[in-house]
Amino acid sequence: MSTDDHRAPGADGAADGEEAEAQGLRKIIHVDMDAFFASVEQRDHPELRGKPVAVGGSGGRGVVAAASYEARKFGVKSAMPSVTAKRLCPDLIFCKSRFEVYREVSRQIRAVFRHHTELVEPLSLDEAYLDVTTDRLGIGSATRIAELIRQEIRAKTRLTASAGVSYNKFLAKLASDQNKPDGLCVIRPGEGAQFVAQLPVRRFHGVGPKGAEKMARLGIATGADLAGKDIAWLRAHFGSFADYLYRAARGIDLRPVRSSRIRKSVGGERTFGEDISSGPALRETLEDIIAIVWASITRAEARGRTVTLKLKYTDFQITSRAKSLPRAFAGRDEFAQAARALLDEMLPLPMPIRLMGLTLSKLERPKQENGADEELPRPDAQLSLL
């Protein structure tokens with residue numbers, strides 16, 4: 001039984017479709033543009049093609065919003081401080097962000113998606129889930145639709161996209177990463193568990209470097225290792241995260257594609273290699289987090305009214321302070337000023353901290369050009385900066 005012509009067990013008709021959905025067997029495509037911001041710059045500036053390019057500020061507080069594949073070969077990646085990126089790749093070329101251009105290209109891409117299905121769940125300007133279980137053009141084959149979408153995006157934008165096709169969101173996203181850049185991967189019903197078994201656990205969404213290190217200490221390196229642990233063992237070691245890990249290791253994901261799910265917050269946090277307590281060190285760390293989080297806020301087109309600063313002390317107790325405005329924060333400077341004021345209110349600290357986090361919440365829905373509310377990209381979780 002293939003993704004292309006999938007039929008759930010049972011009689012044809014509505015009951016058949018309901019049973020398929022109950023099992024999480026849908027036709028899902030995850031589309032991810034290849035090095036989106038950097039690729040737009042290379043498209044619009046031919047002299048940059050084939051060269052290592054980073055989008056973002058090149059100054060001391062700059063942060064990489066996107067990196068071309070030529071830059072990634074040197075270890076440059078998004079959310080990395082620009083000084084670090086330049087050290088890794090001395091020939092790196094920085095381009096200032098042009099978010100109005102990226103948004104316009106994103107609108108073109110989303111129009112391609114909606115040509116095929118109304119069930120589109122954007123994650124950011126450059127990626128989205130599509131449910132094509134019932135597609136608008138009656139093509140029927142999810143693989144063929146993914147191929148057409150990639151062709152249409154290339155024709156309309158002169159950019160490449162990678163796509164993953166599968167029967168749930170978790171597997172579709174894994175598949176879209178498999179053959180980047182400009183690739184397509186299909187995981188058919190019955191193949192999910194086997195596909196996941198061979199993957200390093202770091203590929204699982206939500207498993208960061210620290211989580212992967214903990215798993216390595218417990219003898220877990222791959223999906224197969226994870227699948228070998230029962231739910232009781234996982235809960236004992238990973239708490240509430242255990243249920244997700246248990247299902248993911250078996251390729252199970254029952255989440256539907258939500259075309260109108262609203263982002264609640266965007267932010268990030270950093271766990272330090274050594275605990276810090278001095279005012280200068282805390283302020284320097286906050287500036288790094290402000291730069292990285294603001295890049296994420298801009299990428300998500302988020303506007304919000306509340307800034308929250310979170311600290312975790314060495315004894316694992318958590319404290320936080322928040323500042324709200326009657327309107328959305330006007331820009332990076334006002335956002336940064338609020339974050340700094342929150343830290344100043346908390347100083348001096350009663351003990352050193354091991355973690356600092358910053359979040360923008362009470363987000364507003366942006367307006368489309370016609371004045372209607374536009375859906376915000378969906379967050380699975382806050383950006384982790386571990």
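Arg-103 and Glu-100 are three residues apart in helix 5 (residues 99-116), so about one helical turn separates them. In this predicted model, the two side chains form a salt bridge whose closest N and O atoms are 2.8 Å apart. The protein chain as a whole contains 14 helices and 13 strands, and 48% of its 386 residues count as buried. Among the contacts in the chain with a separation of 6 or more, 63% are between residues 24 or more positions apart.

- Arg-103 counts as buried because its relative accessibility is 17%, below the limit of 20%.
- Glu-100, the partner of Arg-103, counts as exposed because its relative accessibility is 55%, above the limit of 50%.
- Helix 5 also holds Glu-104 and Arg-107, which are three residues apart, about one turn of the helix.
- Glu-104 and Arg-107 form a salt bridge as well, with their closest N and O atoms 3.1 Å apart.
- Glu-104 counts as partly exposed at 38% relative accessibility, and Arg-107 likewise counts as partly exposed at 38%.

**Salt bridges elsewhere in the chain**

- The structure holds 22 salt bridges.
- Side chains of opposite charge can pair when their charged atoms come close.
- One of the salt bridges is between the side chains of Asp-32 and Lys-180, with an N to O distance of 3.8 Å.
- Asp-32 belongs to strand 1, whereas Lys-180 is in the loop between helix 7 (169-178) and strand 8, so this pair ties together parts that are 148 residues apart in sequence.
- Asp-32 counts as buried at 11% relative accessibility, while Lys-180 counts as partly exposed at 24%.
- A network of salt bridges links Glu-41, Arg-43, Asp-44 and Arg-98.

- Five strands form an open sheet in the order 5-6-1-7-8, with mixed pairing.
- Strand 5 and strand 8 (184-186) are the edge strands, each pairing on one side only.
- From one strand to the next, the twist averages 15°.
- Strands of a sheet pair through backbone hydrogen bonds, either parallel or antiparallel.
- Strand 1 (residues 28-33) and strand 7 (residues 161-166) run antiparallel and are joined by six bridges.
- Met-33 stands opposite Ala-161 of strand 7.
- Helix 6 (residues 142-157) lies across strand 1, strand 6, strand 7 and strand 8, and runs at about 170° to strand 7.

- Strand 5 (residues 120-124) is mostly covered, with five of its five residues buried.
- Strand 5 is joined by four bridges to strand 6 (residues 127-131), and the two run antiparallel.
- Ser-124 has Glu-127 in strand 6 as its bridge partner.

**Helix 13 and helix 14**

- The axes of helix 13 (residues 279-299) and helix 14 (residues 332-346) come within 10 Å and cross at roughly 145°.
- This crossing of helix 13 and helix 14 is right-handed.
- From helix 13, the residues that meet helix 14 are Leu-282, Arg-283, Leu-286, Glu-287, Ile-290, Ala-291, Val-293, Trp-294 and Ile-297.
- From helix 14, the residues that meet helix 13 are Arg-332, Phe-335, Ala-336, Ala-339, Arg-340, Leu-343 and Asp-344.
- The residues of this contact divide into 11 nonpolar, no polar and five charged.

**Ile-289 in helix 13**

- Ile-289 lies in helix 13 and counts as buried because its relative accessibility is 0%.
- Leaving aside neighbours within four places in sequence, Ile-289 is in contact with Gly-268, Arg-270, Met-356 and Leu-358.
- Ile-289 and Gly-268 are 21 residues apart along the chain, and 7.4 Å separates their C-alpha atoms.

Conventions. Residues numbered from 1 in each chain as written. Predicted model: local features only at pLDDT ≥ 70, side-chain atom pairs only at ≥ 80, totals over all residues. Heavy atoms only, no water. Buried < 20%, exposed > 50% of the residue type's maximum accessible area, 1.4 Å probe, protein only. Pairing = 2+ DSSP bridges. Axes fitted to C-alpha atoms, helices over the stretch in contact; angles between N-to-C directions. Contact = heavy atoms within 4.5 Å. Left-handed = near helix turned anticlockwise from the far one by under 90°. Nonpolar A, V, L, I, M, F, W, Y, C, P; charged D, E, K, R; others polar. Salt bridge = Lys/Arg side-chain N within 4 Å of Asp/Glu carboxyl O.
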